[in-house]
Amino acid sequence: MDDAGVSGDALHLRALTKRFGDKVAVDALDLDVRAGELYALLGPNGAGKTTTLRMVSGLLKPDAGAISVFGIDALADPIAAKRIIAWLPDEPMLYDKLTAWEYLEFIAGLWGVAAKQAHARAEELLRLLDLWDHRNERCEGFSRGMKQKTSLAGALIHDPKLLMLDEPLTGLDAAIARQVKDLLSARVREGATIILTTHILEVAERMAERIGIIQHGKLLAEGTLAELRGRAGGGQASLEDVYLQLVGAGG
Amino acid sequence: MFAPGSALWLLGHEMRLGWRGWRSASKSRGPGSIVLYLFLGGFLLFIGCWAARGLSYAAPEVTPLSIGMITLAFLVLSTLMLSAALVQTTDALYQRGDLDLLLASPLPPWRILIVRMSAIAINVALFYLLLLGAIWVWLPFMGGGARWMGLAPSVLALSLLVTGIGLFVARAMFALIGPRNTRVASQILAGAVGAAIFLAFQTQNLVPREDRGRVMGDAIAALTQALGQPESLFALPARAALGEPLALGAWIVGCGLFFMFSVWWFGRGFSANAAAIASLGGGRKRADTRVREFRPGLARALVFKEWRLLARDPLLLSQIALQLIYLLPLFFIFARDLGEEGFGRAQIGLFSGAFVLLSSTLASSLAWLTVSAEDAPDLIAAAPLPREQVERAKAVAAGAPIAALMLLPIAGALFIDPMAALWLAGGIGAAIISACLIAIWHQVPGSRRDFRRRRAQGSFGAAMGQGIVLMGWSAATGLAVAGLPLASIIPVLISLGLTLALNESRPKEQA
């Protein structure tokens with residue numbers, strides 16, 4: 001990895017490859033995400049988005065390639081990389097029998113956040129996400145949106161520098177989706193880097209500074225919305241038009 | 001085969017779902033499983049033939065004793081069926097999640113409900129009908145056996161009656177404690193009834209040998225007095241089972257009518273407010289406004305998380321408690337022998353071995369729950385922790401409560417013989433550590449709901465190995481406490497060797 005750890009970059013992926021049997025899920029993927037930006041990773045189902053993020057978060061071992069998170073070689077020192085990463089999958093990772101408060105205490109314990117700091121942060125996040133009144137209720141009684149918000153609070157409690165979210169808005173009603181989007185925008189303003197995958201192109205169009213389109217495990221195109229429009233040859237084309245044109249062309 | 005949308009077509013759909021649910025619990029697939037089922041079926045038929053032959057010699061006579069025995073059997077059976085019916089009613093109405101789909105279809109709601117309830121009645125009776133069926137098919141060919149043919153239809157009718165009662169009870173329980181708690185309570189009831197039956201069959205072991213005849217006589221007299229009244233209405237199911245045509249007809253028609261009535265009663269307005277019934281729950285709890293301070297520490301976070309999850313799952317706790325109950329007869333036998341033969345080293349050795357076996361059984365159950373049945377494995381894997389540290393904490397979470405529980409027998413042994421207490425502590429420690437290590441090395445990932453099926457899903461070799469290791473520690477402790485420490489070297493070596501072999505044979509770790 002010749003340029004791993006370049007200052008100002010949150011994530012470098014070089015020739016990242018993952019196979020499941022004969023199927024190549026991620027195919028020598030090169031990707032750079034800048035520090036402090038919100039990067040949207042788009043692509044059809046099975047394109048390799050989730051597999052890529054799972055490799056970055058240390059849940060899957062790549063078959064080849066390199067991963068660098070804020071200059072840390074995530075394959076050589078996964079523990080150090082995990083300390084500054086948060087991973088939020090589309091299905092909330094919760095314990096039904098724990099209360100929201102206990103869940104956050106547990107996550108803080110896993111990430112080694114000091115108790116006092118974690119307490120203050122948990123209160124702030126739960127208030128921000130309208131979960132404060134439900135803090136002592138077990139997650140088993142929560143709605144899908146409440147579970148997603150609790151899971152998001154858990155992802156943020158250790159103040160990660162790189163937050164990766166897989167379809168964070170799936171199944172959320174408009175009000176909760178708005179809360180989540182506002183929180184993510186605020187985190188980016190505070191300097192965090194966010195990578196999110198989504199099938200809701202409007203979200204990527206409005207929130208992301210740069211967008212990457214992935215198909216068959218390869219990056220088809222990348223850039224700002226204007227740059228992608230330029231590539232697609234349409235001046236005022238919507239992201240949907242650009243996406244469909246690129247993905248259609250990608251086979 | 002049946003017209004789409006017809007009651008029989010729907011029933012076929014229900015039975016297919018039931019069959020697939022049962023199949024998904026089983027690990028074996030493909031031609032091997034067919035051979036296994038054929039073998040089991042053949043074996044069942046063989047046992048059935050033998051039982052039918054025995055029955056053909058005994059004429060089904062209506063006596064206070066036969067009425068009492070059959071009524072008691074039906075009472076026990078109906079309790080087991082009731083808990084199964086409650087669990088299945090909750091699943092069918094609230095857990096499977098396909099009721100909305102069916103009710104949104106143009107099929108009449110009453111048909112959907114009656115088919116679903118009939119499927120429950122059949123499923124509830126299926127296990128017992130399979131057992132009885134293996135006998136029943138032989139009865140016509142066994143001379144006097146034909147007189148016992150009322151047995152299977154009586155049990156089927158009983159399942160209709162019990163499912164009907166189950167609907168009334170379910171509705172009341174849904175309103176009082178909510179569907180989720182109804183399911184848990186029903187499963188606990190099933191376990192408790194099973195354990196009670198098991199213990200009842202073991203009671204004779206508690207009684208000193210010379211008193212057994214007298215105690216059995218008293219029990220039979222009490223039974224015939226309470227349940228053996230042939231003229232009573234309560235004797236109807238027993239008379240039906242004994243093949244009295246009139247009683248059999250009345251029993252089948254009565255149970256069928258009651259079932260239809262209960263379905264009608266349950267179904268009134270059901271399609272309109274199924275969700276409303278579900279939301280009744282146990283009433284809304286008062287909001288808990290406490291703000292508890294966070295406590296620091298990774299090990300504490302991991303261990304307390306596991307303990308909280310265990311303590312808040314009454315079903316799991318009851319299943320673990322059942323393991324204790326099933327070991328009780330062993331202690332009863334030892335206790336009786338102690339009473340009869342005094343307090344010898346051999347008896348203390350037996351007790352010690354039993355305690356080691358108990359602690360290892362419990363530790364292996366808890367270790368499976370903490371290690372393999374992790375609810376959020378990705379969360380743990382994404383945390384900045386070495387895997388070994390997490391596994392160590394989980395092993396502590398599983399082993400510590402058992403070790404604490406076992407302090408009692410160790411303290412007891414200390415009063416009798418300090419050396420015995422030392423051996424016992426060592427044996428318990430070794431067994432708990434082995435159980436936890438094997439649970440870590442040979443993980444069988446699954447959900448907590450699969451607790452009872454966990455052995456069927458894992459490697460047979462690892463399960464066998466674990467069993468031998470744990471029995472080895474038990475035997476070694478027993479021998480050492482009994483004053484044969486040299487003899488205990490053999491089981492110790494077997495346990496240690498197998499533990500090492502299980503370590504070597506552990507599956508290659510995933511990323």
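This is a predicted model: local features need pLDDT of at least 70, side-chain atom pairs count only at pLDDT 80 or more; totals for chains, interfaces and linings use all residues.
The expected span of a helix is 1.5 Å times one less than its number of residues.

**Entry 1**

I started with helix 15 of chain B, residues 387-416. How far does helix 15 of chain B reach from its first C-alpha to its last? I got 43 Å for its 30 residues, close to the 44 Å expected. Next I looked for a bend and found one of about 30° at L407(B) in helix 15 of chain B. A proline, P409(B), follows within four residues of that spot.

**Entry 1: chain B as a whole**

I counted 19 helices and 0 strands in chain B. Of its 511 residues, 35% are buried. I also took contacts in chain B between residues at least 6 apart in sequence, and 82% of these join residues at least 24 apart.

**Entry 2: where the chains meet**

How many residues of chain B are in contact with chain A? I have 28 from chain B, against 31 residues of chain A. On the chain B side, helix 11 (298-311) and helix 14 (377-382) each supply at least two residues. Helix 11 of chain B gives the largest share, 6 residues. Sorted by class, that side of chain B has 15 nonpolar, 1 polar and 12 charged residues.

I followed strand 3 of chain A (residues 38-42) to its partners. It pairs with strand 8 of chain A (residues 193-197) in the parallel sense over 4 bridges, and Y39(A) stands opposite I195(A) there. Strand 3 of chain A also pairs with strand 9 of chain A, again parallel and over 4 bridges, where A40(A) has I211(A) as its bridge partner.

Is strand 9 of chain A mostly covered or mostly open? I see it as mostly covered, with 5 of its 6 residues buried. Strand 9 of chain A runs antiparallel to strand 10 of chain A, joined by 5 bridges, and I214(A) partners L219(A). Their hairpin has 2 residues between the strands, and H216(A) takes a positive phi near 50°.

**Entry 3: the four-stranded sheet of chain A**

My last stop was an open, antiparallel sheet of 4 strands in chain A, in the order 2-1-4-5. Strand 2 (23-34) and strand 5 (72-73) of chain A each have a single partner strand, so one side of each lacks a neighbour in the sheet. Strand 5 of chain A pairs with strand 4 of chain A over 2 bridges, and V69(A) has I72(A) as its bridge partner. Helix 1 of chain A (residues 49-56) packs on this sheet, touching strands 1, 2 and 4 of chain A, and makes about 115° with strand 1 of chain A.

Terms used
Residues are numbered from 1 along each chain as its sequence is written. Chains are lettered from A and ligands numbered from 1 in the order in which they are written. Two residues are in contact if their C-beta atoms, placed from the backbone, lie within 7 Å. Ala, Val, Leu, Ile, Met, Phe, Trp, Tyr, Cys and Pro count as nonpolar, Asp, Glu, Lys and Arg as charged, and the others, Gly among them, as polar. A residue is buried if 20 or more other C-beta atoms lie within 10 Å of its own, exposed if 12 or fewer, and partly exposed in between; C-beta atoms are placed from the backbone. Two strands pair if DSSP finds at least two bridges between them. The bend at a residue is the angle between axes fitted to the seven residues ending there and the seven starting there. Axes are lines fitted to C-alpha atoms, for helices over the stretch in contact, and angles run from 0 to 180 degrees between N-to-C directions.
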